[in-house]
Structures are given as structure tokens and as C-alpha cells.
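Here are some exercises to work through with the structure open beside you. Try each task yourself, then follow the solution step by step.

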Amino acid sequence: MSAQMISHSPTRLDPESQVARARAFYEEMDQRRSVRHFSSDPVPRELVELAIRTASSAPSGAHKQPWTYVVIGDPGVKRQIRAAAEEEERINYEGGRLPPHWREDLEPLGTDWRKPFLETVPWVVVLFEQRYGKRPDGSRAHHYYVKESVGISAGMFIAALHHMGLATLTHTPSPMRFLNKLLGRPDQERPFCLFPIGYPAEDCVVPDLTRKPLDEVMFEV
């Protein structure tokens, strides 16, 4: 059955306005940094909801929208997530699960297995990818380009948070399957990324990094 079509006529800006808007957005996003030092100051739940709404506007394979965003504000649950994540990360860093080259690449960033920010932040959001869907009769519904779709949604989520003045971090403790049990998610969902969300701490510091120049990431044919 064909989808019902509706008209789509967004306002077409003049070239000068397009460049101005594009440059302003680039300059805003170029200030985005991954933060590991957070304030415990409260963040309105509505901001998190709006970021998820924005992320859910992302394109997806066959419009299946194969993502689930789980929002955690309960201190007890955040404490459990931190304990489980730190146990996995401790094994990674100190138990030899990370190969030497990986540890060498991480060393300049100053990261280790300790993740206190998972309790400091007012909100933790866990993004799950839906490997397949469930029809009303319980049968499986196929999902297409799941990782690509969820990755695009995650990028839009990060951009939305930064645009509203919040900070986050793409945290991926490996393995992450413990999150299914802690958060009561079904087997067809797989943890994709964990986002602590809040304001940077007053004494927040980040690595002094530079991004690749345009001529290293863009090629014209």
C-alpha cells in the first residue's frame, strides 16, 4: 500500500541567508566538546524530551525508526549503571581486554575506568538500537540499515543538546548488555550508546584538540 503523500514547500532562503545560517551553525557546533566533568545542577526534563524529539526526526531505513531512548533520572538506577559500567571498564583498562594500540590512543585523553559523572549528571540517556520490530501478533518485523539509522539519530541528539547549551559524552562501556537487564529492555534491543547529560562543571577541562582540516575530510570529484 502506497504512503499518503502531502505537499512539502519549505521556505527557500536566498544564498546570502543560507551561507549566514550555515556559518553560524558550523561555528556553534565547532565549539562542541565531549565533557567528563559535569555539574549536578538540575536540567529540565523538557529539554531532554525535546532533544529526543529532534533525534527522532532523523531519516531511517524504510522509516522504521529503529531506536529507543531510555531516560534515567533516578539516583539509585544511575548508581547501578555506574557500578556496572565501571566494572566492565576496569576489566578493559586493567584486565588486558583493551589492546595496547587502543590504550596508547586513549592515553592522551586522560581517560580511565572511573566514571563518576554517571552519578553526577541529572540525566543519563541510553540509546538502544532495535534489531527488529514486533508486530501486534508477536511476529518479527524486519528493520533496515539499523546501525546507520541509529547513528544518524544519535548525531542529531548530540547536536540538539549542544544547541540548547547542554553537554554530553558518547560513552560506550564494552560490553554493554548489562543495560538491557538494568533497564528492562527486550532482547531485540541492543545498547548503542550511553549519554550523560548536564551542564559542564565550573572547573571543567577538556583536551586541547584540533579537528582535521577540510581538505582532509572532503574530496571533490
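**Exercise 1.** Find out whether Glu-119 is buried, partly exposed or exposed, and which residue it forms a salt bridge with.

*Solution.* 
Step 1. Start with the classes: buried means under 20% relative accessible area, exposed means over 50%, and partly exposed lies in between (1.4 Å probe, protein chains only). Glu-119 has a relative accessibility of 30%, so it counts as partly exposed.

Step 2. Keep in mind that this is a predicted model, in which local features need pLDDT of at least 70, side-chain atom pairs count only at pLDDT 80 or more, and totals for chains, interfaces and linings use all residues. Residues are numbered from 1 along each chain as its sequence is written, and side-chain values use heavy atoms, with hydrogens and water left out.

Step 3. Now look for the partner. A salt bridge is a side-chain nitrogen of Lys or Arg within 4 Å of a carboxyl oxygen of Asp or Glu. Glu-119 forms one with Arg-79, with the closest N and O atoms 3.3 Å apart.

Step 4. Glu-119 is in helix α5 and Arg-79 in helix α3, 40 residues apart, and the pair links distant parts of the chain. Helices (H or I, at least four residues) and strands (E, at least two) are DSSP runs, numbered from the N terminus. At 47% relative accessibility, Arg-79 counts as partly exposed.

**Exercise 2.** Work out how far helix α3 reaches, and what happens at its start and just after it.

*Solution.* 
Step 1. α3 has 20 residues and reaches 27 Å from its first C-alpha to its last, close to the expected 28 Å. The expected span is 1.5 Å times one less than the number of residues.

Step 2. At the start of α3, a side-chain oxygen of Asp-74 comes within 2.9 Å of the backbone nitrogen of Gly-76. Just after α3, Gly-96 takes a positive phi of about 85°.

Step 3. Among the buried residues of α3 are Ile-81, Ala-84 and Glu-89. The elements that cover its buried residues include β1 (67-72), β2 (123-130) and β6 (189-198).

Step 4. The side chains of Glu-89 and Lys-115 meet in a salt bridge (3.8 Å, N to O). Lys-115 lies in the loop between α4 and α5 and Glu-89 in helix α3, so the pair ties together parts that are 26 residues apart in sequence. Both Lys-115 and Glu-89 are buried.

**Exercise 3.** Decide how enclosed strand β2 is, and trace its pairing in the sheet.

*Solution.* 
Step 1. Eight of the eight residues of β2 are buried, so this strand is largely enclosed by the rest of the structure.

Step 2. Trp-123, Val-125, Leu-127 and Glu-129 point one way from β2, and Val-124, Val-126, Phe-128 and Gln-130 the other way. In a regular strand the side chains alternate between the two faces of the sheet.

Step 3. Two strands pair if DSSP finds at least two bridges between them. β2 pairs in the antiparallel sense with β1 over six bridges, and with β6 over eight bridges, also antiparallel. Val-125 is the bridge partner of Val-71, and Pro-191 is the partner of Phe-128.

Step 4. The open sheet has four strands in the order β1-β2-β6-β5. Its edge strands are β1 and β5 (167-168), each pairing on one side only.

Methods
Contact = heavy atoms within 4.5 Å. Polar contact = N/O pair within 3.5 Å; in protein donor to acceptor, adjacent residues only side chain to side chain.
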